[in-house]
Amino acid sequence: MLEKAGVPSGQQVAAVKPSKERLARGPVAIVECFQKIPCDPCYTACKRGGFLPFEDINDLPRMDFEKCNGCGICIGACPGLAIFIVDETYSEDEALVMIPWEFLPVPAEGSTVQGLNREGEAISEVKVKKVRSAGKNNNTYILTLIVPKEFAHDIRSIDN
Ligand code: SF4
Ligand code: SF4
């Protein structure tokens, strides 16, 4: 599925999801990187040890969710746009989802846009809470979205 359509399988997604208990404690990175390629800037970007050391540059990233505080710094370091932050503790009905964004226009803070699933289908309106640049010489923006909690593990892009 990933090779043909660029969409990971449900099994792949489930394998990288933090435990319910960890998700209930606050923001945490979810790394949906499923293709073995020579790449490791996620590992070097995290100064908290959220990524376990790579034994080989082609390894898939492995996480230590206990060390991750959901800061989102690694999002802007990932050329594969494969890293997301989910915070299920935002409110009773809503979660925050941080996603990478490299297209124009960059959505405005406070705007309402369509949240897309991994297949690119619109599944819910979401609000753009925050827009921040990933840094100088980096074309990536990090969007913080307010999403209905039931879609926190489905919304991975937007249509604005
Ligand atoms: S979100 Fe922050 S703490 Fe967590 S893995 Fe990424 S850089 Fe490390
Ligand atoms: S930087 Fe992104 S694409 Fe590269 S190994 Fe890390 S998660 Fe995968």
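Reader: How many helices and strands does the protein chain have?

Author: In this predicted model, the protein chain has five helices and seven strands. Read from the N terminus, the elements follow the order α-α-α-β-α-α-β-β-β-β-β-β.

Reader: What radius of gyration does the chain have, and what would a compact globule have?

Author: A compact globule of 160 residues would have a radius of gyration near 15 Å, and the protein chain has 15 Å, so the two agree. Along the principal axes, the C-alpha atoms fill a box of roughly 40 × 35 × 35 Å.

Reader: And what percentage of the residues count as buried?

Author: The share that counts as buried is 41% of the 160 residues.

Reader: Let us turn to the ligands. Where does ligand 1 sit?

Author: Ligand 1 sits in the largest cavity. A search of the whole structure finds one cavity of 30 Å³ or more. The volume of the largest cavity is about 70 Å³. It is lined by 14 residues, and those closest to its centre are Cys46, Cys68, Asn69, Cys71 and Cys74.

Reader: Why would one roll a probe over the atoms at all?

Author: A probe the size of a water molecule, rolled over the atoms, shows where empty space is left.

Reader: Which residues are around ligand 1?

Author: The residues around ligand 1 are Cys46, Arg48, Phe51, Met63, Cys68, Asn69, Gly70, Cys71, Gly72, Ile73, Cys74 and Ile85. By class, this shell holds eight nonpolar residues, three polar ones and one charged one.

Reader: How does the lining of the largest cavity divide by class?

Author: The lining of the largest cavity has nine nonpolar, four polar and one charged residue.

Reader: What about ligand 2, where is that?

Author: Ligand 2 sits in the largest pocket. Around ligand 2 are Val31, Cys33, Cys39, Pro41, Cys42, Pro61, Cys78 and Pro79. The shell consists of eight nonpolar residues, with no polar and no charged ones.

Reader: What volume does the largest pocket have, and which residues are closest to its centre?

Author: The largest pocket has a volume of about 740 Å³. Among its 35 lining residues, Glu32, Gly80, Leu81, Ala82 and Phe84 are the closest to the centre. Two or more lining residues come from each of helix H4 (41-45), strand E2 (83-87) and strand E3 (94-101).

Reader: Which element gives the most to that lining?

Author: Strand E3 gives the most to the lining of the largest pocket, with three residues. By class, the lining of the largest pocket has 23 nonpolar, six polar and six charged residues.

Reader: You listed Leu81 there. What is its phi?

Author: Phi of Leu81 is near 50°, which is a positive value in a residue other than glycine. Leu81 is found in the loop between helix H5 (73-77) and E2.

Reader: Which peptide bond is cis?

Author: The peptide bond from Leu104 to Pro105 is cis, with omega near 0°. Pro105 belongs to the loop between E3 and strand E4 (112-116).

Reader: Now the end of the chain. Where is Asn160?

Author: Asn160 is in the segment after strand E7 (157-159). Its relative accessibility is 39%, so Asn160 counts as partly exposed.

Reader: What separates Asn160 from Glu66?

Author: Asn160 and Glu66 are 94 residues apart along the chain, and their C-alpha atoms are separated by 34 Å.

Reader: Is Glu66 buried or exposed?

Author: Glu66 is exposed, as its relative accessible area is 52%. Glu66 lies in the loop between H4 and H5. Glu66 and Gly50 are 16 residues apart in sequence, and the distance between their C-alpha atoms is 7.5 Å.

Technical notes: Residues are numbered from 1 along each chain as its sequence is written. Chains are lettered from A and ligands numbered from 1 in the order in which they are written. This is a predicted model: local features need pLDDT of at least 70, side-chain atom pairs count only at pLDDT 80 or more; totals for chains, interfaces and linings use all residues. Side-chain values use heavy atoms; hydrogens and water are left out. A residue is near a molecule or strand if one of its heavy atoms lies within 4 Å of it. On a 1 Å grid over the protein atoms alone, a cavity is a set of points where a 1.4 Å probe fits but cannot get out, and a pocket is an open set with protein on both sides within 12 Å along at least five of seven lines; lining residues have an atom within 4 Å of a point. A molecule sits in a cavity or pocket if more than half of its atoms lie within 2 Å of its grid points. Ala, Val, Leu, Ile, Met, Phe, Trp, Tyr, Cys and Pro count as nonpolar, Asp, Glu, Lys and Arg as charged, and the others, Gly among them, as polar. Grid points are joined across faces, edges and corners, and a volume is the space filled by probe spheres set on the points. Helices (H or I, at least four residues) and strands (E, at least two) are DSSP runs, numbered from the N terminus. The radius of gyration is taken over C-alpha atoms; the globule rule is 2.2 Å times the number of residues to the power 0.38. Buried means under 20% relative accessible area, exposed over 50%, partly exposed in between (1.4 Å probe, protein chains only).
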